[in-house]
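Colleague: Please take me through one part of this fold closely. I want to see what it packs against and how the surroundings are built.

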Amino acid sequence: MKLYLVRHGQTDMNKEKLYYGWTDCPINEIGIKQAQTLYGFFKNVVCDKVITSDLKRSVETAEIITKGKNIVLDKRKEFRELNFGLWEGKHYKILQQEYPEAFEQWGKDWKNFCIPEGEAFFAFYERIRKALEQVIKETAEEETVILVTHNGVMSVMLCVLTGAGYDGFWKFFLEQETYSLVSVTKGHIAIEKINCPVKNF
């Protein structure tokens, strides 16, 4: 099995450095161009499945990079980013003012702390782990999957795939306009590429 991991294109909320996980915003003009660049690579990749987060930014990116493949997108809520609850759409400086105690607690215990009306990291991690394991279970070894989702989601997936576990989360950052590639052969997992640029294609 070959699994291509792709982060959605830029959004205005990315640009403004806001916390947003379940906010359903589209990609912006730069995000569209990033996806079009990725299309230049993926048009030459034969794939069997295209799975995305069900959020607009992932779906729009997937639609662009897989144009012409005649494959129906498999949109899965399980692959959404961390739910930031009441913190959605806010900059960290605003959160420090509006939720000083909670924000400080989050920094001290980021694994267990549950964001107000949102999600705790441990719950998020387990959600992504189970969703990833389901994809691997349902995919034949000879098949190729393109998975378009979010930075935090892919960081968790790499933690699971490499055995880095919860503590490895901050060691990964998945860039836009790049792809990562994982192969799974008879249970053996190999991370073949991370943040591979495609500007030369």
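Modeller: Start with the buried residues of α3, which are Arg57, Ser58, Val59, Thr61, Ala62 and Ile65. They pack against β1, α2, β2, β3 and β4. Keep in mind that this is a predicted model.

Take the helix partner next. Two packed helices are described by the angle between their axes and the distance between the axes. Helix α2 (residues 29-42) and helix α3 (residues 56-65) meet at an angle of about 40°, and their axes are 8 Å apart. Roughly perpendicular would need 65 to 115 degrees, and roughly parallel an angle under 35 degrees. α2 is therefore oblique to α3. The crossing of these two helices, α2 and α3, is right-handed. On the α2 side, Ile32, Ala35, Gln36, Leu38, Tyr39 and Phe42 make the contact. By class, the contact of α2 with α3 holds seven nonpolar residues, two polar ones and no charged ones. An α-helix has 3.6 residues a turn, so residues three or four places apart point the same way.

Now the strands. Six of them form an open sheet in the order β3-β2-β4-β1-β5-β6, with mixed pairing. The edges are β3 and β6 (188-197), each of which pairs on one side only. Neighbouring strands of this sheet are turned by 20° against each other on average, direction ignored.

Look at β2 in that order. Five of the five residues of strand β2 (residues 49-53) are buried, so the strand is largely enclosed by the rest of the structure. β2 pairs with strand β4 (residues 144-149) in the parallel sense, over four bridges. Lysine 49 has valine 145 of β4 as its bridge partner. β2 is also joined to strand β3 (residues 74-76), by three bridges, and these two strands run parallel. Here isoleucine 51 has aspartate 74 of β3 as its bridge partner. Serine 53 stands opposite arginine 76, also in β3. In a regular strand the side chains alternate between the two faces of the sheet.

What follows α3? Threonine 66 lies in the loop between α3 and β3. Buried means under 20% relative accessible area. At 8% relative accessibility, threonine 66 therefore counts as buried. Leaving aside its neighbours within four places in sequence, threonine 66 is in contact with Val50, Leu73 and Ile146.

Helix α6 (residues 121-138) and α7 pack at an angle of about 70°, with axes 9 Å apart. That makes α6 roughly perpendicular to α7. α6 passes α7 in a right-handed crossing. From α6, the contact uses Phe121, Phe124, Tyr125, Ile128, Arg129, Leu132 and Ile136. From α7, it uses Gly152, Val153, Val156, Met157, Cys159, Val160 and Leu161. The residues of the contact of α6 with α7 divide into twelve nonpolar, one polar and one charged.

Two backbone details deserve a check. Most residues other than glycine have a negative phi, and most peptide bonds are trans. Glutamate 177 has a positive phi, near 65°. This glutamate 177 lies in the loop between α7 (151-162) and β5. At 18% relative accessibility, glutamate 177 counts as buried. Asparagine 195 has a positive phi too, near 55°. Asparagine 195 is found in strand β6.

Last, a residue in helix α4 (residues 92-98): isoleucine 94. At 33% relative accessibility, isoleucine 94 counts as partly exposed. The C-alpha atoms of isoleucine 94 and valine 45 are separated by 43 Å, and the two residues are 49 residues apart along the chain.

How values were computed: Residues are numbered from 1 along each chain as its sequence is written. This is a predicted model: local features need pLDDT of at least 70, side-chain atom pairs count only at pLDDT 80 or more; totals for chains, interfaces and linings use all residues. Side-chain values use heavy atoms; hydrogens and water are left out. Axes are lines fitted to C-alpha atoms, for helices over the stretch in contact, and angles run from 0 to 180 degrees between N-to-C directions. Angles under 35 degrees count as roughly parallel, over 145 as roughly antiparallel, 65 to 115 as roughly perpendicular and the rest as oblique. A crossing is left-handed if the near helix is turned anticlockwise from the far one by less than a right angle, and right-handed if clockwise. Contact means heavy atoms within 4.5 Å. Ala, Val, Leu, Ile, Met, Phe, Trp, Tyr, Cys and Pro count as nonpolar, Asp, Glu, Lys and Arg as charged, and the others, Gly among them, as polar. Buried means under 20% relative accessible area, exposed over 50%, partly exposed in between (1.4 Å probe, protein chains only). Two strands pair if DSSP finds at least two bridges between them.
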